[in-house]
Amino acid sequence: MKDHKNMKFATKAIHGGLEPDSATGAVMTPIYQTSTYVQEGVGNHKGYAYSRTSNPTRDALEKNIAVLENGKFGACFGSGLAAIDCLIKMLNPGDEVVSTNDLYGGSYRIFKTIFEKYGIKFHFISMNDVNQIKAILNANTKLIWVETPTNPMMNIVDIEAISKIAKANNILLAVDNTFATPYLQNPLDLGADIVMHSATKYLGGHSDVVMGVLVCNNENIAKEIYRIQNSSGAICGPQDSFLVLRGIKTLHLRVQRHCENGEKIAHFLETHPKIDKVYWPGLKSHPNHEIAKKQMRGFGGMISFSLIGNKMEDAHAVLNKVQLFMLAESLGGVESLIGHPATMTHAAIPKEEREKIGVVDSLIRISVGVEDANDLIADLENALN
Ligand SMILES: *Cc1c(COP(=O)(O)O)cnc(C)c1O
């Protein structure tokens with residue numbers, strides 16, 4: 001086995017948790033497109049009995065992602081929401097969850113419309129001031145759910161500060177690390193118990209797969225995750241596992257370019273006369289810039305901005321005018337995407353709620369890809385004018 005402890009990130013992305021195929025020596029993990037495995041005698045098999053429980057291609061990916069997050073155990077699911085579904089199923093009726101109020105619309109929807117029905121209560125609060133979390137905790141609080149950077153406002157939540165509160169109160173801390181990627185931020189190192197990813201985004205990186213991930217270090221938590229993964233069955237298939245394994249091999253290269261392009265575009269937007277506010281954690285004007293510098297190794301390619309005058313029509317005009325930026329849901333692929341949170345990703349959140357957190361009618365979110373930054377800037381410039 002390779003020693004991961006001393007590997008740098010780029011080496012982990014390519015070798016972490018991976019061994020050549022034991023059956024054939026194949027360097028690339030084969031796609032084990034099989035549901036079942038022959039047994040030499042009753043109960044005598046090679047570690048694989050049925051592919052819902054485990055599959056060699058998925059196993060390889062789970063080990064690889066665990067290494068990237070400096071965790072011991074990884075579990076992969078059919079989508080990011082399926083991963084969240086598994087995580088919340090660790091709780092019981094009567095339990096309470098404290099969550100960031102500015103979060104992925106689908107996470108809000110599964111909490112409110114699926115799990116509240118089963119007696120789990122969710123509190124959505126701003127985590128800019130960690131003392132607000134303390135005020136809301138009670139004996140039933142079992143989980144703190146953090147998304148950072150948040151979607152779409154790019155707020156940065158201080159993971160280490162919250163982990164201290166969680167530990168002092170015996171509460172699990174889970175972090176949705178989708179926007180940051182393990183290349184920029186490792187929540188387990190900052191005291192989180194569980195890291196979640198929508199691998200659909202940067203981990204896959206090529207907009208060709210939908211997948212979710214959980215990573216943890218604690219064996220008891222891992223056992224629960226694997227028990228629910230197998231019992232509820234929301235696994236990902238071997239083909240998709242292969243695609244994400246392949247995507248991860250260039251994660252560090254892609255995210256470096258996402259960061260460089262993000263920086264150039266954030267600075268362009270900041271000085272443009274038609275732009276009101278720019279939300280990118282690398283800007284000195286960002287309210288959580290100092291926390292971002294402390295817990296992240298770069299600031300990523302996700303940027304939101306609002307327009308002077310705050311008109312929905314103006315935002316729609318920009319979205320219709322861009323040519324390189326594609327109007328689409330999702331993020332984190334090599335191609336640049338543009339979206340309108342109020343009518344797209346955050347449509348599930350009532351208008352009143354979304355405006356409270358800053359998702360105003362003219363807010364535009366971009367996922368900056370790895371194209372040439374000058375071409376992207378020219379495209380935005382043209383659409384804004
Ligand atoms: C996309 C996304 C999810 C949900 O993941 P899916 O793969 O679409 O199910 C959760 N959190 C964040 C931050 C996301 O961007």
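A crossing counts as left-handed if the near helix is turned anticlockwise from the far one by less than a right angle, and as right-handed if clockwise.

**Ground rules.** I am working on a predicted model, where local features need pLDDT of at least 70, side-chain atom pairs count only at pLDDT 80 or more, and totals for chains, interfaces and linings use all residues. Residues are numbered from 1 along each chain as its sequence is written, and side-chain values use heavy atoms, with hydrogens and water left out.

**Helix pair.** I looked up α2 and α9 and found a left-handed crossing. Helices here are DSSP runs (H or I, at least four residues), and strands are E runs of at least two, numbered from the N terminus. Helix α2 spans residues 56-68 and α9 spans 238-248; they pack at about 35°, axes 8 Å apart. Axes are lines fitted to C-alpha atoms over the stretch in contact, with angles from 0 to 180 degrees between N-to-C directions. Contact (heavy atoms within 4.5 Å) involves, among others, L61 and I65 of α2 and F242 and L245 of α9.

**S336.** I placed S336 in the loop between β10 (326-327) and β11 (337-339). S336 is buried, at 0% relative accessible area; buried means under 20%, exposed over 50%, partly exposed in between (1.4 Å probe, protein chains only). Residues touching S336 include L324, F325 and L376.

**Ligand.** I counted 15 residues around the ligand, with G80, D176, S198, T200 and K201 nearest; near means a heavy atom within 4 Å.

Key:
Lists of a residue's contacts leave out its neighbours within four places in sequence.
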